[in-house]
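Dear colleague,

Please find below the structure that I am passing on to you, with its sequence. My notes on it come after the display.

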Amino acid sequence: MASYDFCEDGGASWLVGIDASESAHKAFSYAMRHTATGEQVLLTHAYLDGSPTAKARAQQLAESFVQQCTSKKRQCSVALVPTDSLQPARVGEILVKKAAELAPSALILGSHGHGGYKLGRLGSVATFCVNNANTSVVVVRESQSVQRPAQLA
């Protein structure tokens, strides 16, 4: 069973916002590729408070990420954060608050790019975090294949 408290022994750490989306899995994969053996990967997942099934799904999701993390010999901790709303601004606030509390080397999150415009825009959570976090933010796009405009090719 994984620890659901963050490690506090210093050193490099990466805070990764997770959920069940493909973009969150890509953000997690990015963290695995760019961390060294023994570095901390701190996972944060917001779930809707008041629902036993939501909490159970959140714990199950966290366990799957922790198993992947430990198989790659990274230290891994999880914070499951109950919230009354999963609106993008609220999720962004949770991630920014965790980043302020833990002072990671970087906050890594996925972006669906659904912030109102689909072309070249970040999603609402990513935009909130980029504009408000007190640490570096790495945004991993859901789409890996990005075509360059013809005039830049």
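This is a predicted model: local features need pLDDT of at least 70, side-chain atom pairs count only at pLDDT 80 or more; totals for chains, interfaces and linings use all residues.

Five strands form an open sheet, in the order E3-E2-E1-E4-E5, and their pairing is parallel. The edges are taken by strand E3 (75-83) and strand E5 (136-141), each of which pairs on one side only. From one strand to the next, the twist averages 25°.

Helix H2 (residues 52-71) touches strand E2 (40-48) and E3, and its direction makes about 165° with that of E2. Helix H4 (residues 124-132) packs on the sheet through E4 and E5, and its direction makes about 160° with that of E4.

I turn now to the contacts between helices. The axes of helix H1 (residues 22-34) and H2 come within 11 Å and cross at roughly 20°. Angles under 35 degrees count as roughly parallel, and H1 and H2 are therefore roughly parallel to each other. Their crossing is right-handed. On the H1 side the contact involves Ala24, His25, Phe28 and Met32, which meet Phe65, Gln68 and Cys69 in H2. By class, this contact of H1 with H2 has 5 nonpolar and 2 polar residues, and no charged residues.

How do H3 and H4 pack, and at what angle? Helix H3 (residues 88-102) and H4 have their axes 8 Å apart and pack at an angle of about 40°. That angle makes H3 oblique to H4. The crossing of H3 and H4 is right-handed. H3 contributes Pro88, Val91, Gly92, Glu93, Leu95 and Val96 to the contact, while H4 contributes Ser124, Val125, Phe128, Cys129 and Asn132. Sorted by class, the contact of H3 with H4 has 7 nonpolar, 3 polar and 1 charged residues.

Two single residues complete these notes. The first topic is alanine 103, which lies in the loop between H3 and E4. Most residues other than glycine have a negative phi. Alanine 103, however, has a positive phi of about 50° although it is not a glycine. Is alanine 103 buried or exposed? Its relative accessible area is 61%, so alanine 103 is exposed, the cut-off for that class being over 50%.

The other residue is glycine 110, which is found in strand E4 (residues 106-111). Glycine 110 has a relative accessible area of 18% and is therefore buried, since buried means under 20%. Which residues does glycine 110 touch, not counting those up to four places away in sequence? They are Ser23, Ala27 and Val140. Glycine 110 and tyrosine 30 are 80 residues apart in sequence, yet their C-alpha atoms are 9.7 Å apart in space.

With kind regards

Methods:
Residues are numbered from 1 along each chain as its sequence is written. Side-chain values use heavy atoms; hydrogens and water are left out. Helices (H or I, at least four residues) and strands (E, at least two) are DSSP runs, numbered from the N terminus. Buried means under 20% relative accessible area, exposed over 50%, partly exposed in between (1.4 Å probe, protein chains only). Contact means heavy atoms within 4.5 Å. Two strands pair if DSSP finds at least two bridges between them. Axes are lines fitted to C-alpha atoms, for helices over the stretch in contact, and angles run from 0 to 180 degrees between N-to-C directions. Angles under 35 degrees count as roughly parallel, over 145 as roughly antiparallel, 65 to 115 as roughly perpendicular and the rest as oblique. A crossing is left-handed if the near helix is turned anticlockwise from the far one by less than a right angle, and right-handed if clockwise. Ala, Val, Leu, Ile, Met, Phe, Trp, Tyr, Cys and Pro count as nonpolar, Asp, Glu, Lys and Arg as charged, and the others, Gly among them, as polar.
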